[in-house]
Amino acid sequence: MLLPLYVSVKDVLDSKNELNALLATRDLWPTIGRSLLLASLTALGGALIAVPQAWMLARYHIPGKKLILILCVLPLVFPSYISAYSYLAAFEPLGFYHNITGSQFPISIRNGLFGTWMSMTLVNSPLIFLMTYAALQRQSPSQEESARLLGFSPLQVFFKVSLPTLKIPIASGMLLVALYTLSDFGTPAILRYKTMTYYIFRHLDRGSFDRASFFSLLLIVIAFLFLILESWITRTQSRVTDNKSRQIIRKASKGKMLFIASFYSSTIFMACLLPLMTILYWFSKGRSSELIFPKNLFDSSLNSATLAFAAALISIIFAIPCAWCALRKKGLFATFADRISFMGNMFPGLVIGLAFISFFVSFKIFGYSFYQTLWLPVLGCAIRFLPQAVSSVKTSLAQINPRLEEASLMLGHDSLATKLRVTAPLLKPGVLAGFALVFISTLKELPITLLLAQPGKFYLTQNIWNLIDEAEYSLVAAPALLLLGISCISLYFILNQKLIKSND
């Protein structure tokens with residue numbers, strides 16, 4: 001887990017002259033500014049979409065509430081680079097919008113902040129929605145009802161009563177969105193918005209490992225600061241109370257219902273339906289032109305499934321002892337194991353790939369080299385997504401009463417038998433959920449597969465990336481639809497947190 005940080009620091013320290021020259025360049029601070037600006041605007045835009053979505057869904061009687069809940073979360077299954085491709089294919093000249101309306105889209109999607117911001121905001125806003133909606137479900141309705149009895153309008157209740165109690169979940173969600181935006185590579189690269197990840201890949205492509213390592217270390221430091229801020233906010237005691245009484249769901253007037261329907265329709269259309277319609281449009285256009293599926297689609301899908309299975313298995317193997325130490329043990333080692341398991345959140349896939357190339361190109365064990373083998377992308381994805389596995393296992397382990405294990409020991413079973421017969425069956429749902437989440441995340445991972453793929457082997461994400469780079473919109477539709485279909489499985493685990501059990 002510490003290897004990407006160690007390699008980045010070492011490479012930067014070994015190239016002091018190059019570092020001094022890089023610090024003097026004019027591109028450095030504008031690049032940092034663009035990255036922070038994009039992260040800030042994406043977090044703000046995501047909040048402006050997600051908070052009204054969550055509040056209206058939790059406080060008003062809306063027909064088809066469960067379907068709306070699913071559609072609000074659905075953008076999470078879209079990999080960012082597929083969303084960027086879909087908006088590019090929709091709004092660029094001769095794209096979906098031009099073919100339907102006969103006119104050009106008034107705003108350029110490529111080579112600017114707007115297109116990148118729009119794509120990143122629509123993809124990541126469900127992170128804020130999930131936290132806000134969960135907090136609203138736990139919130140007692142007594143304060144809002146008291147405010148209404150005192151004569152407050154619904155808008156005043158929202159801004160003066162509800163919103164102050166939601167500061168922590170909203171801020172935590174915004175920080176997560178900012179962190180994901182900083183680490184994203186596919187969207188800025190496709191839409192040509194020059195962030196730090198854009199320059200990391202460009203310098204690496206040119207063979208400038210020193211400059212790429214410097215930007216990697218800088219990105220790690222910024223991500224670390226964001227994680228510290230997120231940890232500080234989430235440790236602050238929340239003012240959201242557990243709801244012990246039934247939520248009061250109000251019936252909206254015709255005017256409010258029209259606004260609610262318009263808001264949900266527009267946001268869901270832009271985030272889900274438009275990208276899907278664009279991909280299906282180009283897929284149908286390719287078939288009518290007798291274009292065939294990419295020749296290596298089956299092989300690349302099989303390679304991606306193998307990589308995802310191996311990475312998920314290794315992540316779970318390490319996640320179980322990390323979660324056990326965090327919840328069942330005390331002391332410095334247990335705390336260290338818990339903290340170190342979440343360092344993957346600091347490392348974008350591009351940073352991990354660069355660090356592995358730099359380290360393993362000359363590293364051998366008993367004469368065996370890991371370089372250009374399946375082990376590198378597997379270990380890279382395991383490091384990247386270990387926090388997902390640990391969180392899932394910890395959630396399941398926290399629900400197991402330790403007294404069950406104590407009773408088993410008192411009945412004469414040894415520690416191993418207790419873990420196998422009592423703990424393991426109860427832990428199984430969390431283990432399977434963590435395995436599936438890492439599996440799906442690895443399937444969608446782009447930078448690690450681009451940098452660490454074995455010679456002659458291609459993955460599904462590589463196929464999509466190469467076809468997007470060549471502007472083969474028709475051919476990219478088939479692997480994109482396949483990847484989206486597999487990714488939709490993750491909705492089960494996202495909505496399994498009792499969010500779907502509304503008061504309909």
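Modeller: Helices here are DSSP runs of H or I with at least four residues, numbered from the N terminus. This is a predicted model, in which local features need pLDDT of at least 70 and side-chain atom pairs count only at pLDDT 80 or more, while totals for chains, interfaces and linings use all residues. Residues are numbered from 1 along each chain as its sequence is written, and side-chain values use heavy atoms, with hydrogens and water left out.

Colleague: Which helices each supply at least two residues of the lining of the second largest pocket?

Modeller: They are α11 (186–191), α12 (196–205) and α22 (460–469), where a lining residue has an atom within 4 Å of a pocket point on a 1 Å grid. The lining has 16 residues, and A189, I190, R192, W465 and D469 lie nearest the centre of the pocket.

Colleague: Why is L48 called exposed?

Modeller: Exposed means over 50% relative accessible area, buried under 20%, and partly exposed in between, with a 1.4 Å probe and protein chains only; L48 has 58% relative accessibility, so it counts as exposed. L48 is found in helix α3 (residues 28–59).

Colleague: What makes R110 and E92 a salt bridge?

Modeller: The term requires a side-chain nitrogen of Lys or Arg within 4 Å of a carboxyl oxygen of Asp or Glu, and the closest N and O atoms of R110 and E92 are 3.7 Å apart, so the pair qualifies. R110 lies in the loop between α6 (96–101) and α7 (113–138), and E92 in the loop between α5 (80–91) and α6, 18 residues apart. Both R110 and E92 are buried.

Terms used: 1 Å grid on protein atoms, 1.4 Å probe; cavity = no way out; pocket = protein on both sides within 12 Å on 5 of 7 lines; lining within 4 Å.
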